[in-house]
Amino acid sequence: MARKRKSSRRRSQTWLGKLVGFFLPKELQGLGQWLWFGFSRISLALGSFFLSLTLIFSLLPIPFSAYMAQQKISHLWQGQPYKIQYQWASLDRIAWQMQMAVIAAEDQNFDNHFGLDLAAIESVLKRKNKKLRGASTLSQQVVKNLYLWHGTSWVRKGIEVPLTLLTETVWSKQRILEIYLNIAEFGPGIFGVEAAAQHYFKKKASQLTMQEAALLAASLPNPHIYKVNRPGTIMRKKQDWIMRQVQNLGGRAYLGRLSG
């Protein structure tokens, strides 16, 4: 067994040497091999870290997200007070109207895709103004809020894609929806629909009406501009549109397809 491992290691080193030698001049090949070795080790460590977290979060409530931490640190750095309102609610304690409202607003193909909506991505790439927003699925938004940082850089998107595929492999659609509803921001420091329902409507997330759920969903993706407590004409129009889309998608029956 020891000989096989040594032979395998020698073959991998030979392969690596040929690869580095192809791209780099001889005087830089040693440095190139060292950098490649370090990169592969870092990638393996990060992959193991995110895999472990994803497995843990498939069972346990999310204590906080990367975006919550980012906002907290940012405000503390600026010397500004920042209170986080956050209370985990399992999917069975969130009104079906709220579940459908975010699907209708953010990802109507949620039940069909594997984490990436290829048709939406192709549509975005064909635009002259290639804004990355609009092609993001609920799964991608969960990964961004839970693990990464906000922004529209291709670097973040490059990290986001494999993590999205990982979460889609490990988590069910219901779990992805549950986590999305719990860590999405609905106002400054207000994370998750339970905190949002209590803050804006003085009720539990399980008691939200279709109108209230659609209004919360209409604040996405930027609740700092589209304020639930001061909805303007644009938000009201989007609220009405979301309610129509929920009906067009089949209402509560759509959620039954997520378990299929």
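**Close-up 1. Helices α6 and α7 cross in a right-handed way.** Everything shown here comes from a predicted model. Helix α6 covers residues 138-147 and helix α7 covers residues 154-170. Their axes come within 9 Å and cross at roughly 110 degrees. Since angles of 65 to 115 degrees count as roughly perpendicular, that is the word for α6 and α7. On the α6 side, look for Ser139, Gln140, Val143, Lys144 and Tyr147. They meet Arg156, Lys157, Glu160, Leu163, Thr164, Thr167 and Glu168 in α7. Sorted by class, the contact of α6 with α7 has three nonpolar, four polar and five charged residues.

**Close-up 2. Helix α6 also packs with helix α8, and this crossing is left-handed.** Helix α8 is made of residues 173-183. Here the axes of α6 and α8 lie 9 Å apart, at an angle of about 50 degrees, so the two helices are oblique to each other. From α6, the contact takes in Leu138, Ser139, Gln141, Val142, Asn145 and Leu146. From α8 come Ile176, Leu177, Ile179, Tyr180 and Ile183. The class tally for α6 with α8 is eight nonpolar, three polar and no charged residues.

**Close-up 3. Three strands make an open sheet.** Going across the sheet, the order is β1-β3-β2, and the pairing is mixed. Strands β1 (85-86) and β2 (185-187) stand at the edges. Each of these two has a single partner strand, so one side of β1 and one side of β2 are left without a neighbour in the sheet. Zoom in on β2 and β3 (residues 190-191), and you'll find them paired in the antiparallel sense over two bridges. Start from Glu185 if you want to trace a bridge: its partner in β3 is Phe191.

**Close-up 4. Helix α9 passes helix α10 in a right-handed crossing.** Residues 193-201 form α9, and residues 210-218 form α10. The two axes come within 12 Å and cross at roughly 110 degrees, so α9 and α10 are roughly perpendicular to each other. Helix α9 brings Ala196, Tyr200 and Phe201 to the contact, while α10 brings Glu212, Leu215 and Leu216. By class, that gives five nonpolar, no polar and one charged residues where α9 touches α10.

Key:
Residues are numbered from 1 along each chain as its sequence is written. This is a predicted model: local features need pLDDT of at least 70, side-chain atom pairs count only at pLDDT 80 or more; totals for chains, interfaces and linings use all residues. Side-chain values use heavy atoms; hydrogens and water are left out. Axes are lines fitted to C-alpha atoms, for helices over the stretch in contact, and angles run from 0 to 180 degrees between N-to-C directions. Helices (H or I, at least four residues) and strands (E, at least two) are DSSP runs, numbered from the N terminus. Angles under 35 degrees count as roughly parallel, over 145 as roughly antiparallel, 65 to 115 as roughly perpendicular and the rest as oblique. A crossing is left-handed if the near helix is turned anticlockwise from the far one by less than a right angle, and right-handed if clockwise. Contact means heavy atoms within 4.5 Å. Ala, Val, Leu, Ile, Met, Phe, Trp, Tyr, Cys and Pro count as nonpolar, Asp, Glu, Lys and Arg as charged, and the others, Gly among them, as polar. Two strands pair if DSSP finds at least two bridges between them.
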